[in-house]
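Please consider the following points alongside the sequence and the model.

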Amino acid sequence: MTTWLPDIQQGQGPLYARIADQIEQAIGSGTLPVGRKLPPQRNLAFDIGVTIGTIGRAYNIVRERGLVSGEVGRGTYVLDHPESRPPEQADPLTTSLAGTRPINAPAGKLRFDSTAAPDVGQGDVLAKLLGDISREHHADIASYARNFPDDWFEAGCQWLARGNFRPARETIVPTLGAHAAVIAVISAVTSPGDRIAFETLTYSQVSRSTGLIGRRTALVESDEFGLVPDDFERVCAQQHPKLAFLMPSAQNPTVAVMPLDRRVAVAEIARKYGVWLVEDEVYGSMTGDRVPLVAELAPERTFLVGGLSKSVAAGVRGGWVACPPHFSQRVRIAHKMVSGGLPFILAELCARLVLSGAASALRNRAVEEITARETMAREVFSGLEFNSHPKVPFLWLKLPDPWLSGTFKQAALQEGVLVDDEDEFKAGRAERAFHRIRVGFSSPPERSEVRRGFQVLRRLLDSGRTGYDSFD
């Protein structure tokens with residue numbers, strides 16, 4: 001054992017990444033020689049005043065870099081030949097951009113870290129449509145999409161419509177998925193150095209992407225009803241964000257649904273401070289939520305985004321954004337610049353899926369499957385605290401004491417199940433610990449596999465201190 005300790009004030013990026021980098025430096029300099037045992041995770045966490053989950057993630061990173069080996073009950077030891085590790089794994093910027101998920105998911109694990117649309121027979125539908133497109137547009141599919149047919153815009157109008165709301169055709173921009181739509185909007189209406197407001201917990205791949213293109217993050221508190229208007233106003237007054245990213249319906253990862261009065265308040269605050277709004281409706285389109293969209297309440301400043309990945313087919317990469325008046329052309333150009341352009345075959349496929357009714361039919365079947373799996377989750381996790389929705393493919397699970405989010409994630413990985421810890425959804429550095437994990441249950445092809453994964457997680461949750469100690 002060694003008395004080596006990292007200096008947590010040094011370096012850049014997330015704390016766990018900085019600790020991992022310092023372990024690598026100590027190994028490279030010989031301070032931690034080959035065969036040396038690293039401090040036990042619990043001891044190191046206590047000595048430097050951080051959570052054991054932070055140390056667990058740091059150790060996992062250096063293990064992935066090929067620097068150490070670790071065995072439950074034996075400890076973590078420095079390996080020989082560290083130069084043989086893959087160079088991309090040693091890049092701290094790569095690690096910070098990837099979040100807490102491994103860049104390459106381990107093989108043979110149950111994927112409870114994804115919320116892609118479940119398999120409900122999409123392959124047959126897609127094969128037929130792709131065959132039709134190939135025959136009817138033999139030349140178009142082999143070239144750039146130079147002209148956008150009217151059907152591509154009509155499909156966006158239909159897919160983004162809710163209740164009595166239907167966006168105008170001239171406001172629609174077809175995109176390479178919802179994520180590309182959001183980044184295109186941010187690129188179009190903000191500049192490097194501008195602040196983008198995010199809930200503390202959110203779909204953080206957007207916040208990491210905005211950081212990559214030079215935007216800064218402003219964090220806004222949220223509760224069981226979503227973004228807190230009073231804190232949003234405080235952030236607007238003090239930090240002057242140019243744009244706010246919202247998920248008012250079935251928020252990822254908390255599953256919160258923002259009530260009407262709060263949506264009205266957020267719209268009024270954005271109008272008062274001149275803040276653009278991006279409303280991500282990817283999960284909301286699955287819920288049947290009847291609360292008016294923020295885009296209905298503040299149409300002059302809200303970009304409404306939707307796509308097919310969660311409810312129809314993730315591999316299709318189809319999405320649309322409905323823009324405020326006079327902004328569609330700017331967003332369309334920005335989308336081409338940041339994404340490289342929209343392939344004809346994908347855009348035509350998305351349009352045909354929607355206009356033929358196949359997308360709605362597949363969404364209904366996907367939601368039916370999700371509902372069955374969510375019912376199963378309620379059964380297996382009965383007695384535990386979690387947020388879920390019968391039509392949303394994930395739950396936000398509170399961990400019983402003494403589990404920490406990162407520690408539980410590592411324990412689940414050892415048992416063959418990939419889940420997301422809370423840090424995966426933090427848009428920036430936050431002091432608050434939620435002690436939760438997100439469990440996505442749409443990816444396993446069979447319900448029997450979903451049940452097996454739920455039972456593995458439940459067994460770990462019930463193991464208490466014994467299971468916790470096993471992964472220190």
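1. Helix α6 (residues 150–160) lies across β4, β11 (302–307) and β12, and runs at about 80° to β12. Contact means heavy atoms within 4.5 Å; axes are lines fitted to C-alpha atoms, for helices over the stretch in contact, with angles from 0 to 180 degrees between N-to-C directions. Helices (H or I, at least four residues) and strands (E, at least two) are DSSP runs numbered from the N terminus.

2. The model is predicted: local features need pLDDT of at least 70, side-chain atom pairs count only at pLDDT 80 or more, and totals for chains, interfaces and linings use all residues. Residues are numbered from 1 along each chain as its sequence is written, and side-chain values use heavy atoms, leaving out hydrogens and water.

3. The open sheet has seven strands with mixed pairing, ordered β4-β12-β11-β10-β9-β5-β6. At its edges, β4 (172–175) and β6 (216–220) each pair on one side only; pairing requires at least two DSSP bridges between two strands. From one strand to the next, the twist averages 20°.

4. Strand β12 (residues 319–322) pairs with β4 in the antiparallel sense over four bridges. Opposite P174 stands W320 in β12.

5. The largest nonpolar core has 65 residues, of which F303, F381 and F454 touch the most other members. Helix α7 (residues 178–189) gives the most to this core, with nine residues. A core is a set of buried Ala, Val, Leu, Ile, Met, Phe, Trp, Tyr and Cys residues joined through side-chain atoms within 4.5 Å, where buried means under 20% relative accessible area (1.4 Å probe, protein chains only).

Methods
Buried means under 20% relative accessible area, exposed over 50%, partly exposed in between (1.4 Å probe, protein chains only).
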